[in-house]
Each structure stands twice: as C-alpha cells, then as structure tokens.
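Hi everyone, thanks for having me.

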Amino acid sequence: QVQLVESGGGLVQAGGSLRLSCAASGSIFSINVMGWYRQAPGKQRELVATITSRGSTNYADSVKGRSTISRDNAKNSVYLQMIDLKPEDTAVYYCNAEGRSTWYATWSDYWGQGTQVTVSS
C-alpha cells in the first residue's frame with residue numbers, strides 16, 4: 001500500500017505564491033506518473049499538472065505559465081510551485097500517484113487526503 005501526504009496549503013492573497021509538497025511512503029516498488037488535482041466547492045476534481053518519472057510534464061491551461069511541477073524520484077516526492085495566484089485557484093489540492101508495491105503488482109492509483117488552498121482577492 002502507498003500513502004501520500006500533502007503539505008504546503010494555506011491562505012494567500014491574490015498575486016501571491018505557494019509551494020505544495022507531497023511525499024509517498026509505504027510499500028513502494030515503483031511510481032510512474034505523479035500529479036496534482038484540485039476540487040473547488042461544487043465542482044468536479046480537475047487536473048492541475050502531472051509529471052512522469054522521466055520528467056515529462058503536463059499542465060492544465062488554467063495554470064500554464066503560473067505553475068511548475070517537479071519531483072524527486074529518490075524521495076518519492078512531487079512538488080507544485082504556483083505563482084500569481086488567483087481567487088479561482090481556491091480549491092482542495094490532491095496529490096496523485098500511479099504506483100505499484102512489487103514488480104509483479106498491477107499499477108494502482110493513489111490519492112492524498114488533500115490540502116486546502118485559499119486565495120483571497
């Protein structure tokens with residue numbers, strides 16, 4: 001089993017910046033894609049950014065140019081640096097990882113518990 005723990009959320013003023021961190025622990029043999037998703041009140045969970053184990057990245061149009069996703073494979077960690085935050089960035093941000101606990105296990109999707117990001121205008 002893989003556990004994901006996020007940190008770094010909080011309250012920030014519009015135009016400010018924030019760095020989210022997520023660390024994976026537990027029975028980890030390999031992690032493929034890691035990413036960040038967010039869910040605002042009354043809305044569906046949406047992709048923010050993903051990064052593969054080789055460093056290929058993908059961003060939602062809404063955060064492109066304002067966000068940078070990175071990861072440390074040795075630490076099984078992923079980070080999201082966000083700048084020029086807007087009130088519409090307010091949401092619970094979830095860490096996601098596609099991983100497996102052994103070489104013969106199937107790939108599974110894991111989620112963190114979420115961290116609140118609130119951007120005040």
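**Aromatic rings and their neighbours**

Let's begin with tyrosine 104: its relative accessibility is 61%, so this residue counts as exposed. Keep in mind that we're looking at a predicted model. Next up is tryptophan 103, which sits in the loop connecting strand E9 (91–100) and strand E10 (108–111). Tryptophan 103 counts as exposed too, because its relative accessibility is 61%, and the cut-off for that word is over 50%. Together with Phe29, Trp103 and Tyr104 make a nonpolar surface patch of about 450 Å².

Now, how many aromatic pairs does the structure hold? There are two. In one, tyrosine 37 and tryptophan 111 have ring centres 5.1 Å apart and planes at 65°, so we call that pair edge-to-face. Tyrosine 37 is in strand E4 (residues 30–39) and tryptophan 111 is in strand E10, so this pair ties together parts 74 residues apart in sequence. Tryptophan 111 has 36% relative accessibility, so it counts as partly exposed. Then there's the pair of tryptophan 103 and tyrosine 104, also edge-to-face, with 5.4 Å from centre to centre and 90° between the planes.

What lies over the face of tryptophan 111? That's arginine 45, 4.6 Å from the ring centre. Arginine 45 also lies over the face of tyrosine 94, and there the distance to the ring centre is 3.7 Å.

One last stop: serine 67, in strand E7 (residues 67–72). Is serine 67 buried or exposed? With a relative accessible area of 7%, serine 67 is buried. Leaving aside residues up to four places away in sequence, serine 67 touches Tyr59, Leu80, Gln81 and Met82.

Terms used. Residues are numbered from 1 along each chain as its sequence is written. This is a predicted model: local features need pLDDT of at least 70, side-chain atom pairs count only at pLDDT 80 or more; totals for chains, interfaces and linings use all residues. Side-chain values use heavy atoms; hydrogens and water are left out. Patches are made of residues with over 30% relative accessible area and no salt bridge: like charges are joined within 9 Å, nonpolar side chains (Val, Leu, Ile, Met, Phe, Trp, Tyr) within 5 Å. Accessible areas come from the Shrake-Rupley method with a 1.4 Å probe; for residues, only the protein chains shown count as cover. A salt bridge is a side-chain nitrogen of Lys or Arg within 4 Å of a carboxyl oxygen of Asp or Glu. Helices (H or I, at least four residues) and strands (E, at least two) are DSSP runs, numbered from the N terminus. Buried means under 20% relative accessible area, exposed over 50%, partly exposed in between (1.4 Å probe, protein chains only). Contact means heavy atoms within 4.5 Å. Rings of Phe, Tyr and Trp (its six-membered ring) pair if their centres lie within 6.5 Å; planes under 30 degrees apart count as stacked, over 60 as edge-to-face and the rest as tilted. A charge sits over a ring if NZ of Lys or CZ of Arg is within 6 Å of the ring centre and within 35 degrees of the ring normal.
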